[in-house]
Amino acid sequence: MESARCLYKNDIDFAALALQSRDFAKHLNKNNQLDFTDPAAVRQLTTTLLQQDFHLKVEIPEDRLCPPVPNRLNYILWLQDLLDSTAGGLHEGYDRDRDVFGLDIGTGCIGIYPLLGCATRPRWKFVATDIDSNNIRTSQHNVALNNLESRIQVVHSDPTGPLFPLDKLGCQT
């Protein structure tokens, strides 16, 4: 999904976004600006951007942090560039046949990095870990909403245990 590189080069046009999403439109001020001090408005912005730009459905709990989509996308794009520059072999740049397996430690309540990675690269898979059982539950829910269970595994890790819970991944230690 190379078009993702251009999505947020300029400021987000809130008025245009509101025309595409009634739910988002409810949160705009009269001057077509968003009140970033309103957590519900910020949650809706994230939800709407993920839906409109990546066809991802997410539900964000009210008591959790809401990741800004443009920064999270920039990180995924940086990883893509890094991996594309190290492909080696006969391929130079993006190798559509290259399988990539990522690890997201502290995935949070959405699992945004694995979701964006899978939305932009069809051969990417992830394991997402977190120590918070509520984050695990909501991340698993968001993965299921997008039918990505075959590509994203969300695993609860114990803060007193190993950083990578290999036993939960079917690996032998």
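Helix α6, residues 133-145, has 13 residues and spans 18 Å from its first C-alpha to its last, close to the 18 Å expected at 1.5 Å a residue. The expected span of a helix is 1.5 Å times one less than its number of residues. Helices (H or I, at least four residues) and strands (E, at least two) are DSSP runs, numbered from the N terminus. The model is predicted: local features need pLDDT of at least 70, side-chain atom pairs count only at pLDDT 80 or more, and totals for chains, interfaces and linings use all residues. Residues are numbered from 1 along each chain as its sequence is written, and side-chain values use heavy atoms, with hydrogens and water left out.

Just after α6, N147 takes a positive phi of about 55 degrees.

Which residues of α6 are buried? They are N135, I136, T138, S139, N142 and V143. Here buried means under 20% relative accessible area, exposed over 50%, and partly exposed in between (1.4 Å probe, protein chains only). An α-helix has 3.6 residues a turn, so residues three or four places apart point the same way. The buried residues of α6 pack against α5 (112-120), β2 (124-130) and β3 (152-156). Contact means heavy atoms within 4.5 Å.

Helix α5 is one of these partners. Seven of its nine residues are buried, so α5 is largely enclosed by the rest of the structure. The buried residues are I112, P114, L115, L116, G117, C118 and T120. Their cover includes α3, α4, β1, β2, α6 and β3.

T107 sits in the loop between β1 (100-105) and α5. With a relative accessible area of 7%, T107 is buried. Leaving out residues up to four places away in sequence, T107 touches I112, P114, A128, T129, D130 and S139. Of these, I112 and P114 are also among the buried residues of α5, and S139 is one of the buried residues of α6.

The next topic is a pair of helices. Two packed helices are described by the angle between their axes and the distance between the axes. Helix α3 (residues 39-54) and helix α4 (residues 69-85) pack at an angle of about 45 degrees, with their axes 10 Å apart. That makes α3 oblique to α4. Axes are lines fitted to C-alpha atoms, for helices over the stretch in contact, and angles run from 0 to 180 degrees between N-to-C directions. Angles under 35 degrees count as roughly parallel, over 145 as roughly antiparallel, 65 to 115 as roughly perpendicular and the rest as oblique. On the α3 side, T46, L49, L50 and F54 meet V69, P70 and L73 of α4. The residues of this contact divide into six nonpolar, one polar and no charged. Ala, Val, Leu, Ile, Met, Phe, Trp, Tyr, Cys and Pro count as nonpolar, Asp, Glu, Lys and Arg as charged, and the others, Gly among them, as polar.

In helix α2 (residues 22-25) lies F24, which is buried with a relative accessible area of 0%. Apart from neighbours within four places in sequence, F24 is in contact with F14, L17, A18, L34, Q44, L45 and T48. F24 and L45 are 21 residues apart in sequence, and their C-alpha atoms are 6.5 Å apart in space.

Some loop residues remain. Most residues other than glycine have a negative phi, and most peptide bonds are trans. N32, in the loop between α2 and α3, has a positive phi of about 60 degrees although it is not a glycine. N32 counts as partly exposed, at 36% relative accessibility. H55, in the loop between α3 and α4, has a positive phi near 60 degrees and is exposed, with a relative accessible area of 62%. D63 is found in the loop between α3 and α4 and is exposed at 59%. D63 and P39 are 24 residues apart in sequence and 9.5 Å apart in space, C-alpha to C-alpha.

Taken as a whole, the protein has six helices and three strands, running α-α-α-α-β-α-β-α-β from the N terminus on. Of its 173 residues, 40% count as buried. Among contacts between residues at least 6 apart in sequence, 61% join residues at least 24 apart.
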